[in-house]
Amino acid sequence: MMHYISEKWRDILVFNDLDTYQKIWSLEAEWFEEPNQRRGGWSGVSRIELKLPLGGTVGMFLKRQEDHVTRSIAHPIKGFSTFLREYKVIGAFQKSGVPTLDLVLFDQWKEDGHQRACIMTEELVDYIPLSSDAYSTGGEFFSNVEQKEKVFVKLANLMRVMHRRNFQHNCFYPNHIFVRQLPGGDIDLRVIDLEKVKKVVHRKRAVLRDFNTLMRHSFGWVDDDKLGFFKIYQGENELSYRSKRLWKQINNKKS
């Protein structure tokens, strides 16, 4: 029995004969991203399509790894799979209201002296990364104040929820934030790449780290847009003394 299978996808996985870790591990699929050879092992991603019983297909991302572990105080020697952390973070984010990936399955096991793990998530259809030109200043979805504000408000809310629960993303790059334009002009955001997310004792540390990463890599945003976004995150039209100090720390950290 697998560690986790989403009830939403269980019958479809059975229909595709992918309901055990043995079948998933032996599945032949081209690499969407070439495997990373590090941490004493490897980890790679494939895009696959599952057939639907009534016709058609749905895209999935299947990640598999072997001896690709991280260590902690609780597991200082053998460590644990980075997918286990991602699996736990997806669940924690969903409970906390942080929009992220839809988990299909997760499992980990030992075989032939190796630690192996797999995780599958549903493909984000019609989403594009925040790093795309469309979300740069003057871009297709960033050409006026109203468009920018919609993105900024959604993103600020996402970050606030994440930080209020003391989550530090650690890789909060624009290409790890996906945006979908919805009918009626609304938008939906999803944050991905959760393998390095961790809980921190001091919330400010998470704010500094994630803002530093986001601001430093938002190449398409002018300085006024970056400051405007920070004001929305802080909930202030004019920055307070404390917020000014925090903004200065974020910018000093960038250098």
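1. The largest pocket is lined by 31 residues. Glu33, Val45, Lys63, Ile192 and Asp193 lie nearest its centre. Its volume is about 800 Å³. A pocket here is an open set of points on a 1 Å grid over the protein atoms alone, where a 1.4 Å probe fits, with protein on both sides within 12 Å along at least five of seven lines; lining residues have an atom within 4 Å of a point. Grid points are joined across faces, edges and corners, and a volume is the space filled by probe spheres set on the points.

2. Basis of the model: this is a predicted model, where local features need pLDDT of at least 70, side-chain atom pairs count only at pLDDT 80 or more, and totals for chains, interfaces and linings use all residues. Residues are numbered from 1 along each chain as its sequence is written, and side-chain values use heavy atoms, with hydrogens and water left out.

3. Which elements each supply at least two residues of the lining of the largest pocket? They are strand 2 (31–38), strand 3, strand 4 (57–66), helix 3 (82–96) and strand 8. Strand 2 gives the largest share, five residues. Helices (H or I, at least four residues) and strands (E, at least two) are DSSP runs, numbered from the N terminus.

4. By class, this lining of the largest pocket has 10 nonpolar, nine polar and 12 charged residues. Ala, Val, Leu, Ile, Met, Phe, Trp, Tyr, Cys and Pro count as nonpolar; Asp, Glu, Lys and Arg as charged; the others, Gly among them, as polar.

5. The second largest pocket holds about 320 Å³ of space. Its lining includes Arg160, His163, Tyr233 and Arg245. Helix 7 gives the most, with four residues. The lining divides into three nonpolar, three polar and six charged residues.

6. A search of the whole structure finds 15 salt bridges. The criterion is a side-chain nitrogen of Lys or Arg within 4 Å of a carboxyl oxygen of Asp or Glu. Glu123 and Arg47 meet in one, at 2.9 Å, N to O. Glu123 lies in the loop between strand 8 (114–122) and strand 9 (128–129) and Arg47 in strand 3 (residues 41–51), so the pair ties together parts 76 residues apart in sequence.

7. Arg47 also pairs with Glu49, the closest N and O atoms being 3.2 Å apart. Arg47 is partly exposed at 33% relative accessibility. The cut-offs are under 20% relative accessible area for buried, over 50% for exposed, and partly exposed in between (1.4 Å probe, protein chains only).
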